[in-house]
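Colleague: Hi! Could you walk me through this protein? I'm new to reading structures.
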Amino acid sequence: MSDFPPYPSGLRLAGRRVLVVGGGHVAQRRVPQLIAVGADVHVVAPDVTPAIEGLVGSGEITWHERPFGDADLDGAWYVIAVTDDRAVNDHVSTLCEEQRIFCVRSDDATLGTAWTPAIGREAGITVAVVGNRDPRRSASVRDEIVAGLRDGTIAAPHHRDRTPGVTLVGGGPGNPELISIAGRKALMDADVVVADRLAPRELLGELPADVELVDVAKLPRGRSAQQEEINRVIVERALEGKRVVRFKGGDNFVFGRGYEEVIACRAAGVPVTVIPGLTSPVTVPGVAGIPVTHRGVAHEFAVVSGHLPPGHPEALTDYKALAQLNGTVVVMMGVENAPAIATALIEGGRPASLPVAVVCDGTMPTQRTVLATLGTLADRLAEESVKPPAIIVIGEVVRVAHPDAY
Ligand code: SAH
């Protein structure tokens with residue numbers, strides 16, 4: 001129509017009828033964005049993709065299972081013509097032009113009266129980038145703006161969340177990229193960060209200079225004294241009106257004593273929020289190429305703390321019962337007691353030939369996998385000088401991942 005740039009507008013489509021003509025892959029990309037803004041989405045198409053069908057099944061959109069008819073435009077505020085038939089798209093956009101309904105064309109944007117921007121939402125702001133028909137460029141500009149809002153390089157300090165309280169943030173297995181977006185945001189909004197040794201430390205380097213960093217590794221030793229001190233610090237700072245992040249490796253509730261902190265906060269009337277993390281017993285084998293379940297091989301996986309040896313009076317794990325299962329056993333904090341654990345599992349009935357993989361420093365540059373069997377585990381750990389942190393995966397899934405080693 002012209003070389004003029006588009007006029008951007010924030011359409012408020014909640015409850016308003018939006019017609020999507022076509023049910024293919026372009027429609028599949030647009031429809032969730034329309035649902036997210038509350039539009040009353042109607043898809044007209046003889047066939048739709050399984051993903052769109054799922055949205056119909058869950059009642060989020062209405063599907064008219066037939067070709068487009070002119071009357072479909074009745075009551076529509078906005079139309080997206082995305083069939084793979086140019087004649088149909090032409091027909092729809094011509095009718096829209098006559099009726100002054102804005103219409104997006106996927107096949108030839110110049111023939112439409114509206115363009116779909118690359119959309120992002122962050123810090124309460126909607127970012128929409130309309131490129132000159134170069135969607136990759138728009139998307140990458142959008143990504144940069146969203147990332148800037150997220151990490152505070154764009155204006156975010158003024159919009160920081162200032163509500164006091166404690167947020168338990170799971171940092172994932174170690175690689176700083178594996179924290180969640182919510183976790184990263186909470187870190188950036190924190191006044192105080194209480195961090196463990198296994199928390200992804202590189203992320204701490206990005207904290208603003210005025211953030212108080214409490215390093216748990218430097219607190220008094222002894223597990224209960226240390227935990228009491230952590231509870232005291234997080235509660236005290238929150239009561240001073242600060243935003244406290246309790247930052248740990250993996251997930252705070254998987255051998256992380258996170259719930260003791262929740263209890264301490266509750267007792268003091270401090271609000272607690274939980275942001276889960278990728279937990280190492282699943283993700284560390286995963287990045288090493290070992291699935292914890294596999295169809296026809298393991299229909300369960302059990303995650304066990306190996307910090308106490310089998311038979312220890314305080315040990316809660318029943319190794320006899322564990323040995324009776326068929327599935328995968330994942331042992332954490334188990335390097336020291338691995339020989340005793342292997343013996344207990346063999347005594348309980350697991351074969352000495354059962355494959356074992358020990359994954360050390362998962363997701364870090366120093367990651368390595370040591371292969372063994374239950375029978376050879378003790379020797380292999382010594383030969384390879386395995387040090388914590390390591391995840392020990394015991395079961396046939398290891399053979400699935402390493403068929404040539406067994
Ligand atoms: N809350 C953590 C686990 C804490 S217990 C989580 O959800 O992952 C500490 C144990 O976790 C270590 O002894 C080790 O067995 C395991 N672990 C954590 N991170 C690891 C990593 N990157 N590589 C290997 N093992 C890891």
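Modeller: Happy to! Keep in mind that this is a predicted model. Let's begin with helix H10, which covers residues 338–347.

Colleague: What follows H10?
Modeller: Gly349 comes after H10, and the phi of Gly349 is positive, near 120 degrees.

Colleague: Let's zoom out. How many helices and strands does the protein have?
Modeller: There are 12 helices and 17 strands.

Colleague: And how is the protein divided into domains?
Modeller: Domain 1 runs over 17–116, domain 2 over 125–157, domain 3 over 161–275 and domain 4 over 282–405. The C-alpha centres of domain 1 and domain 2 are 26 Å apart.

Colleague: What is the radius of gyration of the protein?
Modeller: The protein has 28 Å, whereas a compact globule of 406 residues would have a value near 22 Å. Along its principal axes, the C-alpha trace spans about 80 × 55 × 35 Å.

Colleague: Last one: what percentage of the residues count as buried?
Modeller: That's 43% of the 406 residues. As for the surface, the protein exposes about 21300 Å², with carbon and sulfur atoms supplying 54% of that area.

Notes
Residues numbered from 1 in each chain as written. Predicted model: local features only at pLDDT ≥ 70, side-chain atom pairs only at ≥ 80, totals over all residues. Heavy atoms only, no water. Domains from an automatic or database assignment. Buried < 20%, exposed > 50% of the residue type's maximum accessible area, 1.4 Å probe, protein only. Helix = DSSP H or I, 4+ residues; strand = E, 2+ residues; numbered from the N terminus. Rg over C-alpha atoms; globule rule 2.2 N^0.38 Å. Areas by Shrake-Rupley, 256 points an atom, 1.4 Å probe, with all protein chains shown as cover.
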